[in-house]
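Good morning, and thank you for making time for this presentation. Please have the sequence and the structure in view while I speak.

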Amino acid sequence: MDHRIIDLHVHSTESDGTLTPKDLVAEAKKAGLAAFALTDHDTCQGVCKAMPLAASAGIELIPGIELSTDYHGKEVHIVGLYIDIENEQLLKKTAEYRKCRSERNALMVEALQKEGLSITMEELVAENPDCVITRANIARFLYEHGQIKSVREAFDRYIGDHCKCYVGRLKVASTDAVRLIKEAGGTAILAHPLLYGLSNTNLQKMIDELKPAGLDGLEAIYSTYTTGEEQQMKRLARENGLLISGGSDFHGSNKPDIALGKGRGHLYIPYSVLTDIKNHRF
């Protein structure tokens with residue numbers, strides 16, 4: 001029996017993780033991973049940096065991405081695995097998404113300043129060079145500069161959904177994100193479906209809408225799931241003819257309770273999950 005373990009949802013400093021692509025490879029080696037997917041938000045730059053290092057370490061690196069999308073007013077995340085990181089349309093669209101993020105960040109920084117917090121875009125960019133800045137980066141900046149007592153406080157008081165300094169941003173429609181991933185040669189996975197707070201009926205409706213666009217699988221194994229929830233998601237995937245994927249959603253110290261490959265300690269994603277994805281592709 002193949003006992004190798006993998007992790008198909010991982011972030012680096014290229015978006016809102018705290019480990020560089022190089023350090024991620026070292027952490028994956030330490031965690032005993034046979035493979036992992038680097039799925040930063042709206043960028044594939046980390047994949048370019050990590051690929052030769054992973055090869056040297058004997059670790060299989062899956063080029064990936066995570067896109068924040070709009071599903072009828074609700075933010076839904078789509079993970080792309082095995083994408084062509086040089087795909088022209090993918091590069092064009094993700095550049096547009098990053099521009100929208102940057103404009104949104106400037107508005108949130110301005111709102112935070114009005115609340116008496118000391119933060120500027122110049123400082124934020126200087127401390128997060130060449131990466132896609134998300135709310136997690138803003139929260140960490142405020143924490144590390146002693147303006148809040150925890151990263152969580154930033155979301156609870158200021159920049160969480162519906163908080164006083166929160167600013168929404170233009171998001172790609174979920175179906176369009178799935179199509180974009182497919183156009184880039186990727187496998188499209190609905191990330192952490194249970195986190196959207198949908199009823200079973202509405203979750204099925206979302207799957208019914210995304211499948212014709214090319215949705216390939218569900219993230220049925222995830223750090224926050226109970227055993228029962230994992231079984232529920234695996235069953236839902238099987239019932240809909242979808243692949244099972246799994247990931248920790250590792251962000252380093254931005255999510256300190258989540259370990260690479262192990263989640264909150266009980267996560268187990270066997271290599272057979274990746275084998276099924278590969279078999280589906282070819």
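Glutamate 127 is found in helix 4, residues 121-127; helices here are DSSP runs of H or I of at least four residues, strands are runs of E of at least two, and both are numbered from the N terminus. This is a predicted model, in which local features need pLDDT of at least 70 and side-chain atom pairs count only at pLDDT 80 or more, while totals for chains, interfaces and linings use all residues. Residues are numbered from 1 along each chain as its sequence is written, and side-chain values use heavy atoms, with hydrogens and water left out.

Not counting residues up to four places away in sequence, glutamate 127 touches Phe141, Glu144 and His145, where contact means heavy atoms within 4.5 Å. With histidine 145, the side chain of glutamate 127 makes a polar contact of 2.7 Å. By polar contact I mean a pair of N or O atoms within 3.5 Å; within protein, one must be able to donate a hydrogen and the other to accept it, and residues adjacent in sequence count only if both atoms are side-chain atoms.

Let us turn to asparagine 105. Asparagine 105 belongs to helix 3, residues 88-114, and counts as buried because its relative accessibility is 3%. Leaving aside neighbours within four places in sequence, asparagine 105 is in contact with Met121, Ile133 and Ile138.

In helix 6, residues 151-159, the buried residues are Val151, Glu153, Ala154, Phe155, Tyr158 and Ile159. Helix 3 and helix 5, residues 135-144, are included in what covers them.

I come now to the domains. The domain assignment gives domain 1 as 5-85 + 175-281 and domain 2 as 95-158, with bounds that come from an automatic or database assignment. Their contact takes 13 residues from domain 1 and ten residues from domain 2. The C-alpha centres of the two domains lie 25 Å apart. About 990 Å² is buried between domain 1 and domain 2, and carbon and sulfur atoms give 42% of that area; buried area is the accessible area (1.4 Å probe) that two parts lose on being put together, summed over both. Of the area that domain 1 buries against domain 2, Asp16, Asp42 and Asn254 supply 44%, more than any other three residues.

How many salt bridges cross the interface of domain 1 and domain 2? The rule finds one, a salt bridge being a side-chain nitrogen of Lys or Arg within 4 Å of a carboxyl oxygen of Asp or Glu. Seven residue pairs are in polar contact between domain 1 and domain 2.

Aspartate 42 deserves a separate word. Its side chain meets that of arginine 101 in a salt bridge of 2.7 Å, N to O. Aspartate 42 sits in the loop between strand 2 (33-38) and helix 2 (45-57), and is buried, with a relative accessible area of 1%. Although aspartate 42 is not a glycine, its phi is positive, about 60°.

Terms used: Buried means under 20% relative accessible area, exposed over 50%, partly exposed in between (1.4 Å probe, protein chains only).
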